[in-house]
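Visitor: Could you walk me through the aromatic contacts here?
Guide: Gladly, let's have a look together.

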Amino acid sequence: MLLEIRHVTRYEYVQPVRESVMEVWMQPQKSARQRLVSFDLDLDPPAQVFSYPDTFGNAVYHFDVPQPHDRLTITARSAVETEVPPEIPARLDMGEWDRLASDSLRGDNFDYLHAHGFARGSPELDAFINGMGLSDYKHRDPLSAVRALSELIYGAFAYETGVTRADSPIEDVLRAGKGVCQDFAHLMIAVCRGWGLPARYVSGYLFTDRRHPDRSDPDASHAWVEVFLPSLRWVGIDPTNNTFATERHVICAVGRDYRDVPPSRGVFKGDTVSQLSVGVSVRRARAALSDPEFLRVAGHSPRQGPGSRRAPTGAEARHQQRLHQMQQQQ
């Protein structure tokens, strides 16, 4: 499937800010089932862009806008060709639990087995697990348990924007009984890790059309979960729509939770407030894309090197300056 993606993020400030430092995780990954045809990053005001791979192998672009400005617009355009994932079997044998318990596997997936950030346990989560009988799911094989967990989350929680925030803990969605894909992913990850299943957060996009009863917001980025099963490797599952990941799912980044891979994150210097607006469009490409892979960043070539391992942080340490963190919710 050939897809064109346009992701626009706009920050507007009541009073001009003196500097902005930003990082973005918007470039789709390159993998066996996902070919990145092109990626453009346009900035207004313009800035020199650098890039680096983060701890989890994701492509991160970062830049500094040092001059005063009252708005910042980030426009990411991608063209991606995806393939249908391998067919998922109906079930696995119960020996998969023993394979998951091996020391080497647990060592390789340490980051995805332990509580972190938004994906962590709590008394409210324990009450949910006990009330829903989720501990009994371990009497099934791991794949069947994961499939049943996705179905349960899909049925137990309504999809509704504005109920939770980008920094909402799991307790908020448990109390409200509703949330967005980010919340459902964190909930599923926390339960899977409690079972001893390596689980990671996936940030990306979902192509939606009338043929699929998706309840995701088509004008926003998307989030789902990947669970590691030794017999199948990483398996993507989308609890928001109760489906395994398909060729309609485009992966941008993976991490322990949302905090590791937000679409954009940054700080500004100044005494003002900001307004964030986001628009996402994912559509089929109108014609076959045969160009070789290329990356283009607003007329500037992304540079990599020893000096660009992470975004500049000088603005964060300036004397007595007010820094405000900005995030998006999926």
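This is a predicted model: local features need pLDDT of at least 70, side-chain atom pairs count only at pLDDT 80 or more; totals for chains, interfaces and linings use all residues.

Visitor: Which residue lies over the face of W234?
Guide: A charge counts as over a ring if NZ of Lys or CZ of Arg is within 6 Å of the ring centre and within 35 degrees of the ring normal. At 3.9 Å from the ring centre of W234, the residue over its face is R200.

Visitor: What is the distance of the charged end of K138 from the ring centre of W97?
Guide: Here the ring belongs to W97, and the charged end of K138 sits over it. The distance from the ring centre is 4.8 Å.

Visitor: How many aromatic pairs does the structure hold?
Guide: Rings of Phe, Tyr and Trp pair if their centres lie within 6.5 Å. The count for this structure is ten.

Visitor: How is the aromatic pair of Y13 and F268 classed?
Guide: Their centres are 5.2 Å apart, with 65 degrees between the planes. Planes over 60 degrees apart count as edge-to-face, so the pair of Y13 and F268 is edge-to-face.

Visitor: How many residues apart in sequence are the parts that Y13 and F268 tie together?
Guide: Both residues are buried. Y13 lies in strand 1 and F268 in strand 14, so the parts their pair ties together are apart in sequence by 255 residues.

Technical notes:
Residues are numbered from 1 along each chain as its sequence is written. Side-chain values use heavy atoms; hydrogens and water are left out. Rings of Phe, Tyr and Trp (its six-membered ring) pair if their centres lie within 6.5 Å; planes under 30 degrees apart count as stacked, over 60 as edge-to-face and the rest as tilted. Helices (H or I, at least four residues) and strands (E, at least two) are DSSP runs, numbered from the N terminus. Buried means under 20% relative accessible area, exposed over 50%, partly exposed in between (1.4 Å probe, protein chains only).
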